[in-house]
Amino acid sequence: MSSAFKISVTKMDFGAAEELTRKVYDTIIIGGGPAGMSAAIYAARYGLDTAIITEEIGGQVGKAGWVENYLGYTRILGTDLVNKFEEHVKYYNVPIIIDSVENVERDGELFRVYTLNGDEYATRTVIISVGEKRRKLNVPGEDTYNGRGVSYCAPCDAPLFKGKVVAVVGGGDSAASAALLLTEYASKVYIIHRRNQLRAQKYYQDLLLKNPKIEIIWNSVVKELQGDKLLRKAILQRVDTKETFELPLDGLFVEIGAEPPVDLFKRIGLELSQDGYIRVNHLMETNIPGIYAAGDCVDLTPRDFRQIVVAAGQGALAVYSAYNYIIKRFGFNRK
Ligand code: NAP
């Protein structure tokens, strides 16, 4: 993070307005996943004064296992791909500010971006690429054993479970990818799925079914997690018969999808789909002129096709729109 790029004043400061406008960005990108990182590269190449504000670098990609469908890489770990993205953004000197955006408000021709750390940023346009927040199971024991057996990041924690018995909850691509990665370390990998059919791509399903370390527990949900200092077992319940049973475990990886941060979107005044995704047109324009959105948080992206390449493409498109808005409204010689 480069503090040289930050405006940090309190609202009470004398002359705060002057200080706030001393640095006006062309675009602030909120979110550092593939959509945001791709937007940063395109924005820099358009000559836009740009910063990324993000809680973490890489978004969901950093928590993915092996990525095998991103152009240019036949097989790369999500964490390594994130490093490549970061390297690329740093090449263009775009500052990455680690913070959480609380609100965005229009202020005349500009927008003010307010963060959890109490900073304010002035910008001509905003690109929202915050992705989604991971769902939790919301069962007793989940918080107690978070970091003591319960994990939300297979690539981060898989090596800790060498020779151990683990389970992955979920039936989508994330669960499949996590389970496959875990087989490289654990002695046994259960997949706990609430239905009798996986949602994951066929490619993954074939790999799961032929892997001798993987066993799928169908039609079952986690009711509780128990242990001592560390997680020791999950209490499962069959969805059809309601019968409960215990599964001894060392680790449990929660991979049950994610939801958009609706509260933030509502505060900003963005028009949303019924399930809380930002409505955008084919140019990634939202209902607020000057605010664009891209990636997993927009309603244009199919729910079952959250792909890195789609997010990256949308991030580039959002910048195309932001650039045209800036040139039309502020001209080439803006200060
Ligand atoms: P997802 O596709 O929404 O799948 C979530 C899974 O968790 C579903 O199987 C769902 O069950 C289950 N689930 C949801 N809530 C649950 C709960 N409370 N208790 C138990 N199970 C629950 O999410 P995802 O797997 O994270 O994937 C998200 C997106 O990322 C998708 O578009 C996916 O294609 C993409 N992705 C792609 C790749 C890749 O291409 N390599 C890798 C990872 C993710 P039901 O099936 O019954 O709904």
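Start by selecting strand β15 (residues 231-238) and β16, which pair in the antiparallel sense over 5 bridges. Strands here are DSSP runs of E with at least two residues, helices are runs of H or I with at least four residues, and both are numbered from the N terminus. Two strands count as paired if DSSP finds at least two bridges between them. The model is predicted: local features need pLDDT of at least 70 and side-chain atom pairs count only at pLDDT 80 or more, while totals for chains, interfaces and linings use all residues. Residues are numbered from 1 along each chain as its sequence is written, and side-chain values use heavy atoms, with hydrogens and water left out.

Stay on this pair and show side chains. Isoleucine 235 has glutamate 246 of β16 as its bridge partner, and glutamine 237 stands opposite threonine 244 in β16. Next, select the turn: β15 and β16 form a hairpin with 5 residues between them, and lysine 242 in that turn has a positive phi of about 65°.

The 3 strands form an open, antiparallel sheet in the order β14-β15-β16. β14 (220-227) and β16 (244-248) are at the edges with a single partner strand each, so one side of each is left without a neighbour in the sheet. On average, neighbouring strands of this sheet are turned by 30° against each other, direction ignored; the axes are lines fitted to C-alpha atoms, and angles run from 0 to 180 degrees between N-to-C directions.

Now select the other sheet. It is open, has 5 strands in the order β10-β17-β11-β12-β13, and its pairing is parallel. Its edges are β10 (150-151) and β13 (214-217), each with a single partner strand, so one side of each is left without a neighbour in the sheet. Strand β11 (residues 165-169) pairs with strand β17 (residues 251-254) in the parallel sense over 4 bridges. Valine 169 has valine 254 in β17 as its bridge partner.

Move to the ligand. Of the 21 residues around the ligand, Asp173, Ser174, Arg195, Arg199 and Arg306 come nearest; a residue counts if one of its heavy atoms lies within 4 Å.

- A polar side-chain atom of tyrosine 204 is 2.9 Å from a ligand nitrogen atom.
- A polar backbone atom of phenylalanine 305 is 3.2 Å from a ligand oxygen atom.
- A backbone N or O atom of arginine 306 is 2.7 Å from a ligand oxygen atom.

Finish at the second largest pocket, with a volume of about 250 Å³. Of its 13 lining residues, Ser38, Ile41, Tyr70, Phe85 and His88 are the closest to its centre. A pocket is an open set of points on a 1 Å grid over the protein atoms alone where a 1.4 Å probe fits, with protein on both sides within 12 Å along at least five of seven lines; lining residues have an atom within 4 Å of a point. The volume is the space filled by probe spheres set on the points, which are joined across faces, edges and corners. Helices α2 (34-45) and α3 (78-91) are the elements that give two or more residues to the lining.

Terms used. Polar contact = N/O pair within 3.5 Å; in protein donor to acceptor, adjacent residues only side chain to side chain.
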